[in-house]
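These are my notebook entries on a structure that I had not looked at before. I put down what I looked up, in the order in which I looked.

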Amino acid sequence: MKLRILAPIVVIGFTFGFAAASTLWPGPSRTERITMLFKEICVARHFDRDFGTPDDYGLVDVLDGFRDVVWIDPTTGVFLRLEKAKCTIEAHAPHALSRPEAEDVLTRLETIVPSALPDLPVDPDAAVGGNSVSKGWLTGPRGSLARWGVFFAAFPDNPDGDSSWLWIRAPQPDS
C-alpha cells in the first residue's frame, strides 16, 4: 500500500481512537480531582509520606503577591499552597466551586477525613454561617497554635466574589 494512502488512514484511526477513549474512559471530574489532590498531596504531606512533587500531578508553579510559590492546577483552576504546617487548596472566581461542586467536595471529604484521621472530631463551631458550604474537623483550643485539623469552606453565592478553601493544618507548639 502506498504511503500517501496509509498515512491518512493511520492519522484518522488514531484520532477516532483517542476520541472514543476519552468518551469511554473520561478523566476524573473536577471535584474528584480536587479531593484527590487533597488526599494524595495534603494528607500525605501531613503524615510525612512521600507524594513526589506538585509537578508530578501536572500542577504549575507560580508566584503569588506575597512572593510565595503556589501551584495552579490547569485542569481545575485551583491553587495549591504548601506552608510549613499547612496545606491549602483554594479556588477563586472565575474558577470558584459552584454550589453543587462544593456540596460534592464536602460529601467526599466526609469519607476521606474520618478514614485518614479517625480520631479527629467534627467541630460544630467550625461551620461558617450564611449561604456557605462548610465543615471542620478540628481539635485543640480555639485561637491556639495547637489547634489543628481539616477545614473546608465554600462561598458559591457570595456577592463579593465566589471562593473556597480546603486545608489541613498540623498542630504547632504554642510559643
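Is Cys87 buried or exposed? I found that Cys87 has 1% relative accessibility and therefore counts as buried, where buried means under 20% relative accessible area, exposed over 50% and partly exposed in between, with a 1.4 Å probe and protein chains only.

Before going on I noted that this is a predicted model, in which local features need pLDDT of at least 70 and side-chain atom pairs count only at pLDDT 80 or more, while totals for chains, interfaces and linings use all residues. Residues are numbered from 1 along each chain as its sequence is written, and side-chain values use heavy atoms, with hydrogens and water left out.

Entry on the disulfide. I looked for disulfides, meaning pairs of cysteine sulfur atoms within 2.5 Å, and the count came to 1. The partners are Cys42 and Cys87, with 2.0 Å from S to S, and the link is left-handed, with -50° about the S-S bond. Cys42 belongs to helix H2 (residues 30-46) and Cys87 to strand E4 (residues 86-92), so the pair ties together parts that are 45 residues apart in sequence. I took helices (H or I, at least four residues) and strands (E, at least two) as DSSP runs, numbered from the N terminus. Cys42 also counts as buried, at 1% relative accessibility.

Entry on the whole protein. I listed 3 helices and 7 strands, which run α-α-β-β-β-β-α-β-β-β from the N terminus on. Of the 175 residues in the protein, 37% are buried.

Entry on strand E5. In E5 (residues 133-139), 5 of the 7 residues are buried, which leaves the strand mostly covered. E5 runs antiparallel to strand E6 (residues 148-155), and 7 bridges join the two; strands pair if DSSP finds at least two bridges between them. Opposite Val133 I found Ala154 in E6.

Entry on the cavity. Searching the whole structure, I found 1 cavity of 30 Å³ or more, a cavity being a set of points, on a 1 Å grid over the protein atoms alone, where a 1.4 Å probe fits but cannot get out, with lining residues having an atom within 4 Å of a point. The largest cavity holds about 50 Å³ of space, and its lining includes Ile34, Ile89, Phe152 and Trp165. E4 and strand E7 (163-169) are the elements that give two or more residues to this lining, and E7 supplies the largest share, 3 residues.

Technical notes. On a 1 Å grid over the protein atoms alone, a cavity is a set of points where a 1.4 Å probe fits but cannot get out, and a pocket is an open set with protein on both sides within 12 Å along at least five of seven lines; lining residues have an atom within 4 Å of a point. Grid points are joined across faces, edges and corners, and a volume is the space filled by probe spheres set on the points.
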